[in-house]
Amino acid sequence: MSSDRGHEQELAHLERELKARDLLLDRRSREEMNYEVMHAMERISLGWLLAAFVLGGLVFLGLGLAWAYQIKWGLGVAGINRPVFWGVYIANFVFWIGISHAGTLISAILRAVGAEWRRPITRAAEAMTVFALMVAGMYPLIHMGRTWRFYWMLPAPTQRLIWPNFRSPLMWDMMAILTYLTGSLIFLYLPLIPDMAMARDHSKAKIRRKLFQILSLGWRGTEAEWKHLHVAMAIFTFIIIPVAASVHTIVSWDFAMSNVPGWKSTIFGPYFVVGAIYSGVGALGVVLVLVRKFMGFGYYLREQHLDNIGKIMLTMTFFWTYFWYNGYLTEWYGAERALDFLREFMTYTGPAAPFFYGMLVTNIVIPIALLWSRAGRTTPWTLALAGISINIGMYLERYIIVPVTLSRNRFPFSWGHYVPSPVELLISLGSLSMFILLYVLLSRIVPLISVWEVQEGQVMHVIRRVGRTLVPGVVHWHKAE
Amino acid sequence: MRDRYLALFDDVEHAVEALTELRALGVPEGEISVISGIPVAEAIMGRPKVANLMARWALPGALIGLVVGVLFTMGTTLMYPIHVGGQPIVSLPPSMVIIYEFTMLGVILATLTGLLAQAELPRLREKAYHPAISHGAIGVLFRCDDAGFAQVRERLLALGASEIIHVDRSES
């Protein structure tokens, strides 16, 4: 008798452990989850106001004043000059396109393979994609100098009936980003509709309720609505993955289609895609830690999520290292003179060596050291630190690819050394602030946790007693025939 | 006169029993629908499958996108041919990128349109709903004539309906 009681106690303890480990086994009522998410969304604290005010100020300084100054005085106020005609604006463009990758792409891949743990993280990830693309999309306009002529890039003829050159990689960029932004916005919006309906039903403020009423499109949750949403999401999941891969491949072709030493590379397409996912996953780790901390979402974003994101980061560290070394070694072995000049410039004691070695340390050494152990991955601050390190490293990588590579070419008489001007730095700061500000604002407008998806997952996950122990299992409701 | 009513249940099991009861009381399948805060497969509720025609939207979308892509890349160059160094006016490899992007854009926009059309969204003035559904309740929406409603109501309440709401009066 006493051994049976002891075993029952063990099982009760095991059940508690399983629930603590896995959000989807730790069921809460929908009402409770709705209130928690709505409360976090509707709470306007002093800290939030302060953050919004400071970030808004930085956006005004960078994208208001500094950009206006550049428009008035021309691109001469930027640090770019012969031979470095692409500076931090293009490095920033590539960087933000990279950040945009993890969100939608990771979300789509996790949806496609049915990774159940994805449920509370997809929305935060997808929002990241949309905001990063918005920031990235500004950079070609900033870099153009004569921003008002952006319409030359639109697929429409001029007054002389000449169309843009659709065979130019710059035009490919424009169309790829447009497609990806459209797809990502819809990919974010579709699963948001049922949560908008929830917000409409339970929002207290009249204006918010009206806003949610419009955004939820009158969603009720009928059989037809769920069915078509489910199928539409399945189509989007499989469409958005190749689109995302194409975007960064095309961005890489902006460089690889040229004859510039250091840019002309057949590995640039996949190398850029891997780098984009790497920096994006790093950013996603940071965002999840911040959302967890400042929105009070400890119940939804647990150790299991941090651990899994940490594992993806670690895997991507190895992937990126492999691709980087592959490109580096083949160029080194080829011993092309122009590339030797470039290597001398950025290695050993060359002027750009801090960027090169900084990239290797922040992209390889620090992430591996921090993410190797489970303790490192599940501790929020170490995961965030790894994410920040990865993004510093990936920014340095883009900086090396753009202005550093252009500093050395086949003609020593036309070498140069680029230093970004204060205007470029302020605009860069403004765009970073804009990304964070958009996130801060979003956190008070839409539920950052997909409540219905979490509840759906909780309904499907059960703890079953098999023999003498408890086993977690999944019942796929939506697959019932 | 057949009015619409919405019965609310706390769980799926009771809602399934209510559906069986409604059928037994003579409410046709076509006049019943289920509203829920999370997706519940038709098989679980014992309901007929919802026809899904999304592919019929996505595929033409892809085709339209492809044609637009071809027109932009090849059509525009043929409209204003500029001969450069003996190179062909129409070249497939660089055109493929734009054709691919437009094809994908076509699928994306067509899928969205298909979703809105098939799910009949937006529908801002629909009254057959209750906020308890987004708190987890299951709603069973049905039409019933005045004469039979008392019996239906009694049966549904006995099966655990927490509330039965009169939605609207209709001629059908």
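A: First, a term: a crossing is left-handed if the near helix is turned anticlockwise from the far one by less than a right angle, and right-handed if clockwise. Helices (H or I, at least four residues) and strands (E, at least two) are DSSP runs, numbered from the N terminus. This is a predicted model: local features need pLDDT of at least 70, side-chain atom pairs count only at pLDDT 80 or more, and totals for chains, interfaces and linings use all residues. Residues are numbered from 1 along each chain as its sequence is written, and chains are lettered from A and ligands numbered from 1 in the order in which they are written.
Q: So which way does H10(A) pass H15(A), left-handed or right-handed?
A: Left-handed. H10 covers residues 268-294 of chain A, and H15 covers residues 380-407.
Q: At what angle do their axes cross?
A: Roughly 145 degrees, and they come within 8 Å. Axes are lines fitted to C-alpha atoms, for helices over the stretch in contact, and angles run from 0 to 180 degrees between N-to-C directions.
Q: Which residues meet there?
A: Among them are A:Gly275, A:Tyr278 and A:Gly282 in H10(A), and A:Leu383, A:Gly387 and A:Met394 in H15(A). Contact means C-beta atoms, placed from the backbone, within 7 Å.
Q: New topic. How many residues does each chain give to the contact between A and B?
A: Chain B gives 48 and chain A gives 52. On the chain B side, the elements with two or more residues are strand E2 (32-35) and helices H2 (42-45), H3 (54-79) and H4 (92-118). H4(B) gives the most, 14 residues.
Q: What about chain B itself, how many helices and strands?
A: It has 5 helices and 4 strands.
Q: How do E1 and E3 of chain B pair, parallel or antiparallel?
A: Antiparallel, over 8 bridges, with E1 at 2-9 and E3 at 138-145. Strands pair if DSSP finds at least two bridges between them. B:Arg4 stands opposite B:Arg143. E2(B) also pairs with E3(B) in the antiparallel sense, over 4 bridges. There, B:Ser33 stands opposite B:Leu141.
Q: Which domains does chain B have?
A: Domain 1 is 2-48 + 128-170, and domain 2 is 54-118. The bounds come from an automatic or database domain assignment. Their centres, over C-alpha atoms, are 47 Å apart.
Q: And what does the C-alpha trace of chain B span?
A: About 85 × 30 × 25 Å along its principal axes.

Note on methods. Two residues are in contact if their C-beta atoms, placed from the backbone, lie within 7 Å.
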